[in-house]
Amino acid sequence: EAINTETTITENTSATTTTNPPANVVDEVDTTILLQQAQDEKEKGNREFNSGSYIDAIEHYSSALDILQDYYQKHPKEVSIYYANRAACYEKRSEHDKVIQDCTSSLQYCPDYLKALLRRAVAYEITNKLSLALDDFEEIYKQNPSQKEAIEAKKRLPPLVAAQQEKEKEEMIGKLKEFGNTLLGKIGLSTNNFQFVKDPNTGSYSMNFKQ
């Protein structure tokens with residue numbers, strides 16, 4: 001009878017064990033629930049955005065991201081949308097550095113997401129990061145040659161980028177001269193003893209010594 005009792009217990013334990021779902025099934029169910037919760041937060045954020053309540057919308061999009069924080073790689077499209085939507089709120093609030101940050105995060109998960117790319121391009125231009133703005137607009141044009149903002153930017157930005165780069169070069173040379181005068185003054189010279197000549201073909205500079 002003792003043996004029979006042990007056998008019965010073994011069988012019951014086995015039956016109980018087989019009713020537990022595999023770990024991957026449990027994980028899939030949990031992820032589905034979390035995704036739905038995140039989507040609910042996104043929809044709340046959309047409603048707040050459409051009503052002009054951008055701070056409240058930011059909170060909901062942030063909650064959606066928090067809910068999926070351990071599953072970003074599993075749901076890249078959704079995560080990309082949440083970041084881009086939050087960036088839209090920051091755009092409305094003229095917080096352009098945050099727009100750039102969130103759009104960059106969005107593009108990490110969906111590199112071809114044109115809304116995020118366009119939003120970042122505009123923010124780059126507003127913050128005077130013209131070369132980066134042009135890069136984004138060119139990528140947008142590559143993906144969609146009929147995109148109006150990209151077409152206009154490709155005409156508008158190149159001369160502005162060139163002018164900005166020239167100004168940055170001049171500022172750099174000015175700083176180098178200032179630093180050089182500090183050192184050369186110790187031996188009775190100054191940067192006036194050196195002539196900087198710009199090569200019209202390459203845009204680079206050469207330096208000649210003069211008494």
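Hi everyone. Helix H4 is the top contributor to the lining of the largest pocket, with four residues. Helices here are DSSP runs of H or I of at least four residues, strands are E runs of at least two, and both are numbered from the N terminus.

A word on the source: this is a predicted model, where local features need pLDDT of at least 70, side-chain atom pairs count only at pLDDT 80 or more, and totals for chains, interfaces and linings use all residues. Residues are numbered from 1 along each chain as its sequence is written, and side-chain values use heavy atoms, leaving out hydrogens and water.

Back to the pocket. It holds about 180 Å³ of space. Helix H2 (23-50), helix H4 (76-92) and helix H6 (114-126) are the elements that each give two or more residues to its lining. By pocket I mean an open set of points on a 1 Å grid over the protein atoms alone, where a 1.4 Å probe fits, with protein on both sides within 12 Å along at least five of seven lines; lining residues have an atom within 4 Å of a point. Points are joined across faces, edges and corners, and the volume is the space filled by probe spheres set on them. Among the lining residues are Asn46, Tyr61, Ala84, Ala88 and Arg119.

So where does Arg119 sit? It is in helix H6. Arg119 counts as buried because its relative accessibility is 19%, and the cut-offs are under 20% for buried, over 50% for exposed and partly exposed in between, with a 1.4 Å probe and protein chains only. Beyond its neighbours within four places in sequence, Arg119 is in contact (heavy atoms within 4.5 Å) with Ala84, Ala87, Ala88, Glu91, Val99 and Cys103.

Cys103 takes us to the largest nonpolar core. This core has 25 residues, and Cys103 is one of those touching the most other members, a group including Cys89, Val99 and Phe137. A nonpolar core is a set of buried Ala, Val, Leu, Ile, Met, Phe, Trp, Tyr and Cys residues joined through side-chain atoms within 4.5 Å. A second, separate core has nine residues, including Leu65 and Tyr82.

Finally, the loops. Most residues other than glycine have a negative phi. Ser94, in the loop between H4 and H5, has a positive phi of about 60°. Asn128, in the loop between H6 and H7, has a positive phi near 65°. Thanks, all!
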